[in-house]
Amino acid sequence: MGQPLPTAWLNDHFLPLAEARISPLDRGFLFGDGVYEVIPVYDGRPFRLEAHLDRLDYSLDEIRIRNPLSRPDWRRVLGELVERNGGGDQSLYLQVTRGADEGRDHGFPDPSVPATRFAMTSPLKPMPNRIREQGASVLLLPDERWARCDIKAITLLANVLARQTAREMGADEAVLERDGQLMEGSSTTLYALFGETVVTAPRDHRILPGITREVVLDLVRAAGLDIREAHLPCGELAAADECWLSSSSRELIPVTRVHLADGASHAVGPVDDSGRSRPGPVWARLAGELHELARNAQA
Ligand code: PLP
């Protein structure tokens, strides 16, 4: 017997993911005209669900789509989707687009059409041992995204190309730089630790306000460390005591190697007796705390 087919939710119906269909005139398909969320689920419980739904409200408001579901309806639908997919640990994806018009016109449909509502789940993958033990590597690339990175838009072409370039250079993630200053990863928040201070980019239009970022910064404060919300000049990353990335589905990732676009690379963070870079002690503490918090949080 194979695995049961994952169940998705599309426009108010639960159905096997393999049977879910949308119109080719959907504006998400034609223009990337929509927004999304990714929510981690531990033991059947979505972590920081309200914060994700708040960010969904923000993204929808900014692109002028009326939220098609009330907050209780989102909670009910997502809860049922998790349950139908067997509970446990999952990554919950939801997407709302401006819907399918009768033709292809950049302007909003007039009269408006129903928004397309979609959600699915996939397995939440644990951090690979290689990254846990040796740390991840990043490639610094120019940030070629649009000027509203604070909106969680499905229009992700620049992120896709950056991640692929990183992969082709043997790096795990692309870290994006504007005017010589570090912003964030292609799908992660970036942090650098200098002594007792954690530096991360300020919340503005140039980064996505990560839900995990808020959780990590709370843990940083609780650990008695300082926070400096500032743009780190690219050249200063090499001097960091530790470097990390975070996202909802990948928690807190240690970074130990930085590749530059010209092919050069350097280590970042502590080095062991044999001269190899290793994830640092502050990462180990915060990553452990974040994991425990997420796993034990009440719904
Ligand atoms: N920055 C970008 C560009 C992202 O795409 C993501 C997540 O997808 C993040 C940061 C991390 O956000 P969160 O912690 O809400 O997953």
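Biologist: Where is Arg 48 found?

Modeller: Arg 48 sits in the loop between strand E4 (45-46) and helix H2 (49-62); helices (H or I, at least four residues) and strands (E, at least two) are DSSP runs, numbered from the N terminus. A word on the background: this is a predicted model, in which local features need pLDDT of at least 70 and side-chain atom pairs count only at pLDDT 80 or more, while totals for chains, interfaces and linings use all residues. Residues are numbered from 1 along each chain as its sequence is written, and side-chain values use heavy atoms, with hydrogens and water left out.

Biologist: Why does Arg 48 count as partly exposed?

Modeller: Buried means under 20% relative accessible area, exposed over 50%, and partly exposed in between (1.4 Å probe, protein chains only). Arg 48 has 34% relative accessibility, so it counts as partly exposed. Its phi is positive, about 55°, although Arg 48 is not a glycine.

Biologist: Which accessibility does Asp 12 have, and what does it count as?

Modeller: With 47% relative accessibility, Asp 12 counts as partly exposed. Asp 12 also has a positive phi, about 80°, without being a glycine, and its place is in the loop between strand E1 (7-10) and strand E2 (13-16).

Biologist: What makes a space in the protein a cavity?

Modeller: On a 1 Å grid over the protein atoms alone, a cavity is a set of points where a 1.4 Å probe fits but cannot get out, and its lining residues have an atom within 4 Å of a point. The structure holds 3 cavities of 30 Å³ or more.

Biologist: What lines the largest cavity?

Modeller: Arg 48 is one of the lining residues, and others include Tyr 42, His 52, Glu 251 and Leu 290. Strand E3 (34-42), helix H6 (211-222) and helix H7 (281-296) each supply at least two residues. Domain 1 (7-123) and domain 2 (129-296) each give at least three; those bounds come from an automatic or database domain assignment.

Biologist: How do you know which class each lining residue of the second largest cavity belongs to?

Modeller: Ala, Val, Leu, Ile, Met, Phe, Trp, Tyr, Cys and Pro count as nonpolar, Asp, Glu, Lys and Arg as charged, and the others, Gly among them, as polar. On that basis the lining of the second largest cavity has 9 nonpolar, 1 polar and no charged residues. This cavity has a volume of about 50 Å³, and strand E10 gives the most to its lining, with 3 residues. Tyr 191 is among the lining residues.

Biologist: Why is the aromatic pair of Tyr 191 and Trp 244 called tilted?

Modeller: Rings of Phe, Tyr and Trp (its six-membered ring) pair if their centres lie within 6.5 Å; planes under 30 degrees apart count as stacked, over 60 as edge-to-face and the rest as tilted. Tyr 191 and Trp 244 are 5.9 Å apart centre to centre, with 45° between the planes, and the pair is tilted. Tyr 191 lies in strand E10 and Trp 244 in strand E14 (residues 242-247), so the pair ties together parts that are 53 residues apart in sequence. Both residues, Tyr 191 and Trp 244, are buried.

Conventions
1 Å grid on protein atoms, 1.4 Å probe; cavity = no way out; pocket = protein on both sides within 12 Å on 5 of 7 lines; lining within 4 Å. Points joined across faces, edges and corners; volume = space filled by probe spheres on them.
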